[in-house]
Amino acid sequence: MTESKRTLRTATLINPRAANYKWKRRKLLRAYLQKKLPGEIYDGLGDTMTTTIARATSACRDSDVIVAMGGDGTVADTLQGIFDAGKQRDVLFGVIPFGSGNGFRKSFDIPKNPLRAIDRLAEGVARPIDLMEVEGRVAAFASIGATARVTGEKLRGKVQGLWGHLLAGRRLFDTPAEEKTIELTDGFDKSGPFEEKTISSKFFDCIVAKTNHFGYSWRVAPEAVIDDGYLDITLFELGPMKYAFLFPLIYFGVYQRRLRHFKARRVVISGRDLPIQFNGEFLGDRDRIEFRVLPQAIRMVIPPTRRAARRFKKT
């Protein structure tokens, strides 16, 4: 993590509930983290009233590198805290996966093993990445429709993690096929570039993303490029039975080649009671939702590997 010859001050924000509270039992992991990335550790133990967002906002005042250690929710809250502090241009951002979903880490080829991830972070390189804004929140991926409905059901249930998602999957089959309006600004599709485009769709699911993966390594947006300056929009215009039958192809990002796909800097989706999720968190139902790209929003420390570099546009 060579930003300059000076020593960078690091703050690591840890969700103590991540990975079923394993952090409390991983004393060797804590010692390894302090050895490789010396600095402040905010793990929330004994301070359950302070949110990750608030901790990230506070940590930005005295740190050069802010590290999120947890799942996609911890990543999202840490990013939000950095942006709330207005420090996104001043600090570096890093990720150590320690949760159940970890779709964000997959998009950057960050090892799932936290010890290996710490090593990659310590030797990593900083590169600017795009993010997006949705309803005043910073996000890397979002969905409107069936997968958001499943996420909401899972978060309301008692069973979390992968099994919670599988149990909530029944909500795929009661997602209504109603007309939606999609307004796209400053983008392009297979027919060429456009300044403004409005289309109608009865999509089953719509993915708006900057990164390639959802949780559990699901390659939901294979065409997304992390620093191309565009949102990646994919419309799943098929019924629930066909969606379930084709899910293995959808999971590996193969079937998406057949779907309507757009790049745009801004997108507005209107309809009735549209379920929305972003970064694995359920936002609720809305009649209108707006997304806009945040080009080169923050500098992220990525592994110094060719696979990680392939997530970025070719220059």
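## The largest cavity

Helix α4 (residues 72-84) gives the most to the lining of the largest cavity, with four residues; helices here are DSSP runs of H or I with at least four residues, strands are E runs of at least two, and both are numbered from the N terminus. The lining is made up of Asp72, Val75, Ala76, Leu79, Phe104, Ala139, Ala140, Phe141 and Asn279. Sorted by class, that gives seven nonpolar, one polar and one charged residues, where Ala, Val, Leu, Ile, Met, Phe, Trp, Tyr, Cys and Pro count as nonpolar, Asp, Glu, Lys and Arg as charged, and the others, Gly among them, as polar.

This is a predicted model, with local features needing pLDDT of at least 70 and side-chain atom pairs pLDDT 80 or more, while totals for chains, interfaces and linings use all residues. Residues are numbered from 1 along each chain as its sequence is written, and side-chain values use heavy atoms, with hydrogens and water left out.

## Cavities and a pocket

On a 1 Å grid over the protein atoms alone, a cavity is a set of points where a 1.4 Å probe fits but cannot get out, a pocket is an open set with protein on both sides within 12 Å along at least five of seven lines, and lining residues have an atom within 4 Å of a point. Points are joined across faces, edges and corners, and a volume is the space filled by probe spheres set on them.

The second largest pocket comes in at about 280 Å³. Its lining has 14 residues, with Asn212, His213, Arg219, Pro222 and Arg311 nearest the centre, and splits into six nonpolar, three polar and five charged.

## One side of α6

In helix α6 (residues 114-122), Pro114, Ala117, Ile118 and Leu121 are buried (under 20% relative accessible area; exposed is over 50%, partly exposed in between, with a 1.4 Å probe and protein chains only). They sit on the same side of α6, because they cover an arc of only 105° around the axis, taken from the directions from the helix axis to the C-beta atoms. These buried residues pack against α2 (27-36), β3 (65-70), β4 (92-97) and β13 (281-302), contact meaning heavy atoms within 4.5 Å.

Thr234, in strand β11 (residues 231-236), is buried at 3% relative accessible area. Leaving out residues up to four places away in sequence, Thr234 touches Asp205, Cys206, Ile207, Gln256, Leu259, Arg260 and His261.

Ala309 belongs to helix α11 (residues 306-309) and is partly exposed, at 33%.
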